[in-house]
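Me: I would like to go through this structure slowly, one question at a time. Could you take each question and end on the value or name that I ask for?

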Amino acid sequence: VGESRRGGREQVHRSRLLPLIRERLAAARCDGDGLPFSFCGGFVGYLGYEMKQDCVDMRGGANRHRSDDKDAILLFSDRFVAFDHLEGRCYAVALCDETCEASAREWLDATHRLLSSPPSPPSL
């Protein structure tokens, strides 16, 4: 069972986690041609040892060990700013599907304006 929050609503998915991740990533697209790196967004987080059921033993064998911690905690990073400290540059990146292209463009434009002329620091 995977849980996600999208648009403030909680969704429960009754499926294995890795196929759900694959499906979600296939639906999103990123035109990363102008980027000097290959990461265009996606899932960040961790997979616990209990995820071995999805990763190795697809036959459904029993887990010997149980943990009180969640098997996985992932954040879908669809908008972020990447800093290139060597080149002194930053990149705003938005990952989206066909339903969010306008809002992604608005976020990119607003982020570009903010990074181009950051506000003055507060006086001390």
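Me: Which element of the protein chain has the highest mean pLDDT?

Reply: pLDDT is the predictor's confidence in each residue, from 0 to 100, and the protein chain averages 78, with 75% of the residues scoring at least 70. Where pLDDT is low, the predicted coordinates should not be read in detail. Among the elements, strand S1 (residues 2-6) has the lowest mean, 58, whereas the highest, 92, belongs to H3.

Me: What pattern does the protein chain follow along the sequence?

Reply: Helices (H or I, at least four residues) and strands (E, at least two) are DSSP runs, numbered from the N terminus. The protein chain has three helices and six strands. Read along the sequence, their pattern is β-β-α-β-α-β-β-β-α.

Me: What percentage of the residues of the protein chain count as buried?

Reply: A residue is called buried under 20% relative accessible area, exposed over 50%, and partly exposed in between (1.4 Å probe, protein chains only). Of the 124 residues in the protein chain, the share that counts as buried is 23%.

Me: Which residues make up the largest nonpolar core?

Reply: A nonpolar core is a set of buried Ala, Val, Leu, Ile, Met, Phe, Trp, Tyr and Cys residues joined through side-chain atoms within 4.5 Å. In soluble globular proteins, nonpolar side chains tend to be buried together. Here the largest such core has five residues, namely Ala94, Cys96, Cys100, Ala104 and Leu108.

Me: Is Thr111 buried or exposed?

Reply: Thr111 is found in helix H3, which covers residues 101-116. Not counting residues up to four places away in sequence, Thr111 touches Val81 and Ala92, where contact means heavy atoms within 4.5 Å. Because its relative accessibility is 11%, Thr111 counts as buried.

Me: Which residue forms a salt bridge with Asp109?

Reply: A salt bridge is a side-chain nitrogen of Lys or Arg within 4 Å of a carboxyl oxygen of Asp or Glu, and by this rule the count comes to one. Asp109 is partly exposed, since its relative accessible area is 34%. With the closest N and O atoms 3.8 Å apart, the partner of Asp109 is Arg105.

Me: Which residues does Ser77 touch, not counting residues up to four places away in sequence?

Reply: Ser77 has its place in strand S4, a strand that covers residues 72-77. With a relative accessible area of 14%, Ser77 is buried. Leaving out residues up to four places away in sequence, the residues that Ser77 touches are Gly41 and Gly42.

Me: What distance separates the C-alpha atoms of Phe37 and Ala82?

Reply: Phe37 lies in the loop between helix H1 (17-27) and strand S3 (42-47), and its relative accessible area of 26% makes Phe37 partly exposed. Leaving aside neighbours within four places in sequence, Phe37 is in contact with Ala82, Tyr91 and Val93. Although Phe37 and Ala82 are 45 residues apart along the chain, their C-alpha atoms are separated by 9.6 Å.

Technical notes: Residues numbered from 1 in each chain as written. Predicted model: local features only at pLDDT ≥ 70, side-chain atom pairs only at ≥ 80, totals over all residues. Heavy atoms only, no water.
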